[in-house]
Amino acid sequence: MIMPLIISIFQIIIISCFIFSIASTIRHHIGDSVKSVAFAIIIICLLGMIQFWIAFLLYPLSLLLKILFWTVGSVLFTRSLWKQEFRYEAAVPVIGLALASIVLALWTHLGTDLSQPIETARLRWTHSLPTDNILPFIFVENLRDGVIRIPMVGEWLSSDRPPLQVGLYLLLGLPIGYDMLNYQFSSISFQMFCLVGVWVLTRALEISPRYAILAMVTTFFTPFVIVNGSFVWPKLISGGILCITTALYFTPLHDRTRGDWLMGAAAGLSAAFALLGHGATSFALAAMALTALALHRFGRPNYLLAGFVAFVLMYAPWMAYQNYYDPPANRLTKWHLLGVIEIDSRTIGEAARDQLASTSMLAWIDGRLQNFSWLFLDYDNVVHKTILASEHVAAGDIDAARKMLAEVRVSQFFFMASGLGVIGVFSYLVPLGLILSKTRPLALLFMISSMVWVWLMFLPGSTVIHQGSMLPQLLLISGTIVTVSVFGFWPAAGLTLAHVAVTIFQYAL
């Protein structure tokens, strides 16, 4: 089984090379590494969505587009190397993506049954997870067969989950055929877009490149990233793209480009792609709008118009698909916002009336308080159990340590502060981020996005990591590194080292 493993690792390298080729080509023309890397991710997502729609309309034609893209991508990569047009800084996040993807893929799958990678990822790190990580692969198979099954699998409709990961895999998966190991490794690299997003965000805040590298390392060795990076339901993709949206609108980069319609279009596209990656992105986008109002942060009319038009043009086709090809389009909306889990024919308005009529104001307020408490739930227990596990290891009782750390990982899967590892302690200190001008927008966006999530999730105790946008966590990591950088490189490096060491201990046994 060594050859499929080598081929799948090669797949990760190819994906990284294509992103590097686009970023390097753009960097050669505009001379800005941060914008070049952001544009490269946006362009890859754009091509992925074009590939998805072509595959939906006429699958054989999508194969021709794939061949064309691979040919052009290979030429751009060769040209960049031959003419030495690449720049070290622009290569850093792409190299980070490649290394992180390979490390996580091998950490998850080496020594396991490579014929069942989806099942391995489902059981590898925490409790037995649902089979959601296979849904994009089944969608790909439906497109390849020329028949979208309704329902697609079990009770899940193809319209229940946005299609960005499907399009990316159709575009970037090896053309020798689609199999689960290739899908798994490719999708891990798509989840690692979160590292690129964090790099773009921290560099857009105008701090030294070495702190951006620390932010990437810290992000990779964060518990919720390890789990959601290998269990490839497409959630971290959206988190990474939302970091790019944040960089384009809430950093000094926006101050310099707020009248540039192209940057406005890029911001609109990145928001659309985040939403096309995972529906919970809507919480973060609502928070961004509120944060922009609070900070009086607005682009000029041409910037805003370009962003709005780009967003609508990219997202409207998927809305049409949901409403007319594979309805209803409101299943997960009713689930999260109204607590209606079972499929029914009611509209959102009808379901809202029924739910509000049957819920007292006191019960609703109690649900919001419970949602808020769940953000920080179990962090003290995670710390305590991790210390106990280290004592068991020191005493030579490895089995007891494993049992203790298994409980730790379950808490880290569900709860935001726990899932942030050592960095989670800073979730209690976010208001301090309002002091620094660089981190003020991030701190405010973190607080508003968290409160929007708490406010809108209807069922009490439903603010668990996998039902959110994952943007608040990535903002906290980026903001923490930026804040600690005020004290110098070594304190920031020390924090990263402590964070990495604790996470490796929690996930090595």
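Analyst: P328 lies in the loop between helix 16 (301-325) and helix 17 (331-338). Helices here are DSSP runs of H or I with at least four residues, strands are runs of E with at least two, and both are numbered from the N terminus. The model is a predicted one: local features need a pLDDT of at least 70, side-chain atom pairs count only at pLDDT 80 or more, and totals for chains, interfaces and linings use all residues. Residues are numbered from 1 along each chain as its sequence is written, and side-chain values use heavy atoms, with hydrogens and water left out.

The peptide bond leading from P327 into P328 is cis, and its omega is near 5 degrees. As background, most peptide bonds are trans, and most residues other than glycine have a negative phi.

H296 has a phi near 50 degrees, a positive value in a residue that is not glycine. H296 counts as exposed because its relative accessibility is 64%; the terms are buried for under 20% relative accessible area, exposed for over 50%, and partly exposed in between, using a 1.4 Å probe and protein chains only. E206 also has a positive phi without being glycine, near 65 degrees. E206 sits in the loop between helix 9 (193-204) and helix 10 (209-220), and at 44% relative accessibility E206 counts as partly exposed.

Another loop residue is T251, found between helix 12 and helix 13 (252-257). At 1% relative accessibility, T251 counts as buried. Not counting residues up to four places away in sequence, T251 touches L201, A204, L205, T246 and R297; contact means heavy atoms within 4.5 Å.

Two packed helices are described by the angle between their axes and the distance between the axes. The axes of helix 12 (residues 236-249) and helix 24 (residues 471-484) come within 9 Å and cross at roughly 60 degrees. Axes are lines fitted to C-alpha atoms, for helices over the stretch in contact, and the angles run from 0 to 180 degrees between N-to-C directions. Helix 12 and helix 24 are therefore oblique to each other; angles under 35 degrees count as roughly parallel, over 145 as roughly antiparallel, 65 to 115 as roughly perpendicular, and the rest as oblique. The crossing of helix 12 past helix 24 is right-handed, a term for a near helix turned clockwise from the far one by less than a right angle, whereas anticlockwise is left-handed.

On the helix 12 side, G239, G240, L242, C243 and T246 meet L471, L474 and L475 of helix 24. By class, this contact has five nonpolar, three polar and no charged residues. Here Ala, Val, Leu, Ile, Met, Phe, Trp, Tyr, Cys and Pro count as nonpolar, Asp, Glu, Lys and Arg as charged, and the others, Gly among them, as polar.

C243 raises the matter of cysteines. The structure holds zero disulfides, a disulfide being a pair of cysteine sulfur atoms within 2.5 Å. For C243, which is in no disulfide, the nearest cysteine sulfur is that of C194, 7.9 Å away. C243 counts as buried because its relative accessibility is 0%.

S450, in helix 23 (residues 440-456), is buried, with a relative accessible area of 4%. Leaving aside neighbours within four places in sequence, S450 is in contact with L375, M416 and P472. L46 lies in helix 2 (residues 33-57) and, at 27% relative accessibility, counts as partly exposed. L46 touches F273 and M314, not counting residues up to four places away in sequence.
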